[in-house]
Amino acid sequence: MRHEDKACANAQFANPSIRIGVNRNVFFVVLVSAVSFLFVVMIWPEAAAAFIQEGGLIETISATALLVSGLVALARYRGVSRLYIAVVCLLLAERELEAEVYTEGSAPFVVLNWVDLLLDVTAVRIALAAIVIGGLLWHGIPNGIKALKIRAPFLMIFFLAGSVAVLAQLLEEISGLFDEYLSVAMATRLFVMEETLEMYFSIGILAAVLIGWPKPKSEEKQNDQQYRRLPHAR
């Protein structure tokens with residue numbers, strides 16, 4: 001990397017103007033809506049359970065959000081050092097999707113079954129592990145520290161999504177440990193809460209990928225000036 005490029009990159013991290021990137025009002029509305037929906041699920045778990053079966057609406061939303069995250073990451077974050085972002089998102093999407101849900105012989109069944117067989121190959125697993133671990137050490141951790149220092153919006157949302165995923169995993173563990181002591185209603189309630197939180201995690205990952213690194217103020221001004229020069233711009 002040239003000296004000018006390094007100086008520009010350091011300026012992006014040092015510039016406090018790049019902390020602004022997420023509309024607080026929108027974030028507040030989304031957060032309130034998510035919490036409200038979770039309370040509805042807690043109160044009427046039987047009604048929500050119909051949407052949380054294998055291949056149901058909630059699971060489909062989760063898988064779609066993760067799949068889109070992976071595809072967006074492939075397009076936006078290019079290069080070997082950042083390939084791990086797309087790989088992790090796509091692997092999470094594959095985890096949400098199960099071939100057995102679809103009709104045998106259908107296109108989704110064939111694709112998912114082929115992916116499952118491919119992921120069982122040791123060489124493929126080693127390659128994916130190398131991409132993810134290498135990307136984290138080379139790009140993820142160093143840039144994560146810099147993003148934490150400037151309170152980058154995408155990292156805050158990523159942490160929030162991760163916290164939701166941990167909570168969902170705790171609910172799954174509690175449900176498994178005390179399964180024989182739980183009533184049917186409580187077991188259903190824990191199940192729908194877990195799946196709903198996993199959906200929130202997937203949506204949070206998608207939001208973090210879409211937001212990405214905030215642009216410095218100088219670059220935003222440059223983009224505005226370029227837009228104003230366009231013939232259709234007023």
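Which side chain meets that of Glu96 in a salt bridge? That was my starting point today, and I kept in mind that this is a predicted model.

**Entry 1: the salt bridges**
I looked up Glu96 and found its side chain paired with that of Arg95, at 3.6 Å from N to O. Side chains of opposite charge can pair when their charged atoms come close. Next I checked how open each partner is. Glu96 has a relative accessibility of 7%, so it counts as buried, the cut-off being under 20%. Arg95 comes out at 51%, and because exposed means over 50%, Arg95 is exposed. Then I searched the whole structure and got two salt bridges. Arg125 and Asp120 form one of them, with their closest N and O atoms 3.3 Å apart.

**Entry 2: Leu90**
Where does Leu90 sit? I found it in helix α5, which covers residues 83-96. Leu90 is partly exposed, at 29% relative accessibility. I skipped residues up to four places away in sequence and listed what Leu90 touches: Leu67, Gly70, Leu71 and Leu74. I also checked Val68, which is 22 residues from Leu90 along the chain. The C-alpha atoms of Leu90 and Val68 are 8.5 Å apart.

**Entry 3: Asn143**
Is Asn143 buried or exposed? Its relative accessible area is 17%, and buried means under 20%, so I wrote down buried. Asn143 belongs to helix α7, residues 122-149. Last, I followed its side chain and saw that it reaches the backbone oxygen of His139 at 2.8 Å.

Key:
Residues are numbered from 1 along each chain as its sequence is written. This is a predicted model: local features need pLDDT of at least 70, side-chain atom pairs count only at pLDDT 80 or more; totals for chains, interfaces and linings use all residues. Side-chain values use heavy atoms; hydrogens and water are left out. Helices (H or I, at least four residues) and strands (E, at least two) are DSSP runs, numbered from the N terminus. Buried means under 20% relative accessible area, exposed over 50%, partly exposed in between (1.4 Å probe, protein chains only). A polar contact is a pair of N or O atoms within 3.5 Å; within protein, one must be able to donate a hydrogen and the other to accept it, and residues adjacent in sequence count only if both atoms are side-chain atoms. Contact means heavy atoms within 4.5 Å. A salt bridge is a side-chain nitrogen of Lys or Arg within 4 Å of a carboxyl oxygen of Asp or Glu.
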